[in-house]
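Keep the structure open as you read.

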Amino acid sequence: MKKLLLPTSIVGSLPKPAWLAPPEKLWSPWKLEDDQLLEGKQDALRISLQEQQLADLDIICDGEQTRQHFVTTFIEHLSGVDFENRKTVKIRNRYDASVPVVVGEVARQKAVFVEDAKFLRKQTNKPIKWALPGPLTMVDTLYDDHYKSREKLAWEFAKALNEEARELQDAGVDIIQFDEPAFNVFFDEVNDWGMAALERAIEGLHCQTAVHICYGYGIQANNDWKKTLGSEWRQYEEIFPKIQKSKIDVVSLECHNSNVPLNLMELVRGKKVMVGAIDVATNTIETPEEVANTLRKALEFVDAENLYPSTNCGMAPLSRNVARGKLSALSAGAEIIRKELGI
């Protein structure tokens, strides 16, 4: 991948067009079916691509236009999971959700996102990034009635993810991002086996790999949880040392409008860091100078060649106009810093 300085990208999702799925909500059901749904997803992906390009983003993703949810869409394509007889669990120790049930051996039967990735690759010459759920977050987003062990299930998911990641790499994906919001909650599991499971998922890859660890979408349950975390959010302190020693290339974290002490980035010194400079939990569109200010602060702890300006999390729950404004602010803020650095 061509070397970019302060390359901008988003973490994952963008709002879907209203004709494809009801807007401004997670787990939003499709409005189309069969061939029309396939065509609609591809049209939405084209729109997502265009909006990123119009905002001058440097690394392009699919905006998660072809999937209903960042975790369960991958799980839907695995064997051994029952989506009909669901159970209610508390996700991330935070909120109740109706989830599928593991009833047998889980395995990847076929490619899940590879055709979508090939489609995106044909649409742009820019570097592309694809997001997959991480093993620990997958475990935490369903009910296990078969393995009866979060660790054993995570290793099976890691195997399936690795199979998918290798094919995504072959399809021309430059960066594969694993979404692990559960890393910010289950510290003992991360350090005991969660990080090892993630490394199993990236085994044999030569493209860049990233792990995204945030404080969640801007939904009420997450916003309420943040209010309980106090004046300093030090969760990253528990897991960054393990990540620093790992083979993961890029670490994505939440910064803007958060209470994360930015000096915690010292714990992953040497890694590339996707610095969240856009708050996805508010409809207020940042000014370019606000974005630049977040990036300036981050540069105290991250070398310029390792700084990747990004969003805190996905923007699926936001309106399209708000998301569009935030994309432009991210790009403009990064450009301010490039000029200041003379690059």
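Which residues touch the most other members of the largest nonpolar core? They are L132 and I243, in a core of 100 residues. The model is a predicted one. Helix α5 gives the most to this core, with eight residues. Nonpolar side chains tend to be buried together in soluble globular proteins.

Look at I243 next. Setting aside neighbours within four places in sequence, I243 is in contact with F183, M195, V211, I213, V251, V268 and K271. There is also a second, separate core. It has seven residues, among them I59, I175, A210 and V250.

Now go back to α5 and its partner. Two packed helices are described by the angle between their axes and the distance between the axes. Helix α5 spans residues 150–170, and helix α6 spans residues 187–201. Their axes come within 7 Å and cross at roughly 25°. Angles under 35 degrees count as roughly parallel, so α5 is roughly parallel to α6. The crossing of α5 past α6 is right-handed.

Which residues make this contact? From α5 come R150, E151, A154, W155, A158, K159, L161, N162 and A165. From α6 come E189, W193, A196, A197, R200 and A201.

Turn to helix α1, which covers residues 34–54. E51 sits in this helix. Is E51 buried or exposed? Its relative accessible area is 15%. Buried means under 20%, so E51 counts as buried. Beyond residues up to four places away in sequence, E51 touches R320, R324 and L327. L262 is 211 residues from E51 along the chain, and their C-alpha atoms are separated by 30 Å.

D34 is also found in α1. Its backbone deserves a look. D34 has a positive phi of about 55°, although it is not a glycine. Exposed means over 50% relative accessible area, and D34 has 64%, so it counts as exposed.

R92 has a positive phi too. The value is about 55°, and R92 is not a glycine either. Where does R92 lie? R92 is in the loop between β1 (78–91) and β2 (95–108). With a relative accessibility of 7%, R92 counts as buried. D34, by contrast, is exposed.

Note on methods: Residues are numbered from 1 along each chain as its sequence is written. This is a predicted model: local features need pLDDT of at least 70, side-chain atom pairs count only at pLDDT 80 or more; totals for chains, interfaces and linings use all residues. Side-chain values use heavy atoms; hydrogens and water are left out. Axes are lines fitted to C-alpha atoms, for helices over the stretch in contact, and angles run from 0 to 180 degrees between N-to-C directions. Helices (H or I, at least four residues) and strands (E, at least two) are DSSP runs, numbered from the N terminus. Angles under 35 degrees count as roughly parallel, over 145 as roughly antiparallel, 65 to 115 as roughly perpendicular and the rest as oblique. A crossing is left-handed if the near helix is turned anticlockwise from the far one by less than a right angle, and right-handed if clockwise. Contact means heavy atoms within 4.5 Å. A nonpolar core is a set of buried Ala, Val, Leu, Ile, Met, Phe, Trp, Tyr and Cys residues joined through side-chain atoms within 4.5 Å. Buried means under 20% relative accessible area, exposed over 50%, partly exposed in between (1.4 Å probe, protein chains only).
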